Amino acid sequence: MIDMSNLQQIKEEIQNIAEAIEAVLGIDVTIVNQDLIRVAGTGIYIEKIGQKVDGYSAFNKSIRDQIEIIIDDPSCNEICNECYNKFHCKEFAEVCCPIICENQSYGVIGLIAFTDEQADRIKNNKDSLMNFLGKMADLISNKIKAQIKAYELELEKKKLETLLDSMDKAIVSIDVYGNIDRYNSKFKEIFNLNENIKSKNIFKVLKFIKTPSIDNFKKNKSCSFHYKDNGYELKGIYNISKIILNNELKGYVIDFIDKKDAIKNYNKINKDYKITLENIIGNSKIINNTKKEALMASNSTSTVLITGESGTGKELFARAIHNHGSRCENPFVAVNCAAIPDNLLESELFGYEEGAFTGAKKGGKLGKFELAHKGTIFLDEIGDMSLHLQAKLLRVLQEKELNKIGSNSNTLIDVRIIAATNKDLEYMVNKGTFREDLYYRLNVIPIKLPSLKERKEDIRLLIEFMVPEYSKKLNKDVIGIDKDVIDIMENYKWPGNIRELQNVIEYSVNMSLGSIITLDVIPNRVKNIESEEIVIKNDNIRTLDTLEKREIIKALEKYKDYKKDKELVAKALGISRATLYRKLEKYNIISK
């Protein structure tokens, strides 16, 4: 908020008002601010502008109490008795009228009589005089309001300009005739405009813009553009929005999106979190060898084909390969070929031009390959791609260019391809459902991910990582998992691999009532392992002490929130409380 307390911003207007009052009344006028500094004056007070008035004065009381004061006999007035100059005062009479704006005192208008004639004029016209001064004070108050409003409008204007200049989009506003009234710095930048374009007509500055049709505004609301000027070229999309005030069209706002900026914005939004091979959990020999293969692949620009069962982490490895390579600062774009219908996958991968087909967006659409330019595109579930699209993908691999739907020209691209599948592509090639030439183009660097049952020694590490992660995510207090549960999980076949393990851990954390995941909360399909699988090895046979300790812990967890928990635990186990305490000591079980 602007500081108007000293009235300096409107001192010229205040001086004019002081002179007008003096001309009408024939009495000297002085106007002081709330700090008792004279900001205007007539007669002997002209030379005193800028000086401070004594604090023990009628001016101070008028400002402080927001009251009008008339002193018609200074010799016997209470206020004058407090004045240090009362024995040398030359004033015959005095009038004070406070300047109030929004319940705040900003100053006071003072009339001072130095002759009997001026004093009589004050004494004989008190009511009309105060009415006149009140209107003059209101006039100054309105000047203060106008100054504050002007400052606020200027501040909002500056904020808006700063906001517009900080936007990624180029923006311009025009009146109904197309005359430019405002624009941001991005607008001049992307169109390479150097001269001042304010008040110029947008349809002459940018000849590609179509005049908005009032009757069919929706048709012209969004269009693609191709701007050329003195060798400078720009492609993109523009959108027009109406400016409506009191149900009346006042103009338009047009925003422009550069095609290159659109790609940058997509990449910025979708920039992958920096997964590296070090983030992939596992110390087994087979996973370490796989990591080494992936690291070698990251140093190449050749295509990579990642194979393995569903849920083994194919996208995780693809991201890690990208992040270890020379393209790590450029985009990683993932596409699941099985999740998108075949009739849509082509436009999703290669993009389309405006008007390419019924329902095509205004300005067309950028394909995933264009968005991945200079980076990596990950084609997951490549085995589900149709033969028609396989042919188009092969051309992209061979020619390093793509043909957008509806386009008459090809677009050069620089993209590394990492593909993945859980299908046997060699078998599909023999059956004729996958192109042999594409298979060999993709399978330059093959990486096969091991299933979870092939790396059982990593299960414990994975569990120890997942439990606190899901506990935090689900706002639970689970901090660990019972050893017997880990033993069972290490013997489970895990047909869904790591994805299934994540599912089981999340379920178990959800179901757990205590801080430790126990056998009673894990899914039945994991517990119901065939007996021969459990006893096939001698080290899987549990001692009676181990089983007893496990059941005691389970019972303690179940009844820990009950008031008589030990009594209930003993009853559930079929033993006395004394026996329970002996066994707690025997197995070194700490219980609250």
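Before sorting any lining by class, I noted that Ala, Val, Leu, Ile, Met, Phe, Trp, Tyr, Cys and Pro count as nonpolar, Asp, Glu, Lys and Arg as charged, and the others, Gly among them, as polar. I reminded myself that this is a predicted model, where local features need pLDDT of at least 70, side-chain atom pairs count only at pLDDT 80 or more, and totals for chains, interfaces and linings use all residues. Residues are numbered from 1 along each chain as its sequence is written, and side-chain values use heavy atoms, with hydrogens and water left out.

**Entry 1: cavities.** I looked up the cavities (sets of points on a 1 Å grid over the protein atoms alone where a 1.4 Å probe fits but cannot get out; lining residues have an atom within 4 Å of a point). I found two of 30 Å³ or more, a volume being the space filled by probe spheres set on the points, which are joined across faces, edges and corners. The largest cavity has about 70 Å³, and its lining has one nonpolar, seven polar and two charged residues.

**Entry 2: the core.** Buried means under 20% relative accessible area, exposed over 50%, and partly exposed in between, with a 1.4 Å probe and protein chains only. This core has 32 residues, and Ile377 and Phe369 are among those touching the most other members.

**Entry 3: rings.** I counted 16 aromatic pairs (Phe, Tyr and Trp rings, the six-membered one for Trp, with centres within 6.5 Å; planes under 30 degrees apart are stacked, over 60 edge-to-face, the rest tilted). Phe191 and Phe256 have ring centres 5.0 Å apart and planes at 85°, so I filed them as edge-to-face. Phe191 is buried at 0% relative accessible area, and Phe256 is buried at 1%.

How values were computed:
1 Å grid on protein atoms, 1.4 Å probe; cavity = no way out; pocket = protein on both sides within 12 Å on 5 of 7 lines; lining within 4 Å. Core = buried A, V, L, I, M, F, W, Y, C linked by side-chain atoms within 4.5 Å.
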